[in-house]
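Subject: Structure for you to look at

Hello,

Here is the structure I promised to pass on. Please open it alongside this message; my notes follow below.

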Amino acid sequence: MKGIAFFSGGKDGLYATYLAENQGIDVSYLLLFNTTIGISPHYENIDSLKKIARSMKKELFVFDMKNGSKELAKFIKSFGVSHIIGGDIYLEAHFEWIDRLAKESNTIALEPLWKKDSFELTKEMIGHGFVYSIIAVDKGKLSKDWLGYTFINSDDLKNFAYKTGVDPAGEGGEFHTVVLESPLFDSSFEIKSTDFEESDRYFYLKFNLKEVKK
């Protein structure tokens, strides 16, 4: 079994990839989207995301969503994979979209995080060695002071949940993350050279990841 995983450098997609590989799927390819619905804090940091992909020894591809879902399905089909891996937890519309993509590309949609409790899921991620930092916050839901906040242990998670009251996984778009350490990586990373940016929806960081050998 071979797979292509939706990838942003964030915790949900990477943890879904980790779980898929533990199920015996060879996730050879990562797929990053250039979206058409405003600034993507992930795509804005594409050079750093390439470093993550290299550390995972996986091929990273970019698809421009202005070409539409039908072309995306054809693109996925061209890889000859058996599975599409997504990191959705609660978002029904996105879950259904991936299911349609799978049907159109003759693949199977695998969503290993689906319907898990957000707090227990993020605690599980941390327990499996995932360390991640907030790189963007929705301006209407979180203060920009949370930019750079790093989740290393369960105390960091409890502190965040207690002080913010938002979904600890950020499934509603409250915040976005980049993973700095995980079992998928050959190296760990540190965020360096940060610049503060602002879009209509987000406060976010432009950053450079520095590789730290394990």
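Predicted model: local features only at pLDDT ≥ 70, side-chain atom pairs only at ≥ 80, totals over all residues.

Residues are numbered from 1 along each chain as its sequence is written, and side-chain values use heavy atoms, with hydrogens and water left out.

Helices (H or I, at least four residues) and strands (E, at least two) are DSSP runs, numbered from the N terminus.

The axes of α5 (residues 118–127) and α6 (residues 154–164) come within 9 Å and cross at roughly 150 degrees. Axes are lines fitted to C-alpha atoms, for helices over the stretch in contact, and angles run from 0 to 180 degrees between N-to-C directions. The two helices are therefore roughly antiparallel (over 145 degrees). In contact (heavy atoms within 4.5 Å) are F119, T122, K123 and I126 of α5 with S154, L157, K158 and A161 of α6.

In helix α3 (residues 69–77), L72, A73 and I76 are buried (under 20% relative accessible area, with a 1.4 Å probe and protein chains only). On the other side of α3, K70 and K74 are exposed (over 50%). Among the elements covering the buried residues of α3 are β1 (2–6) and α4 (92–104).

Regards

Definitions and conventions
Parallel < 35°, antiparallel > 145°, perpendicular 65-115°, else oblique.
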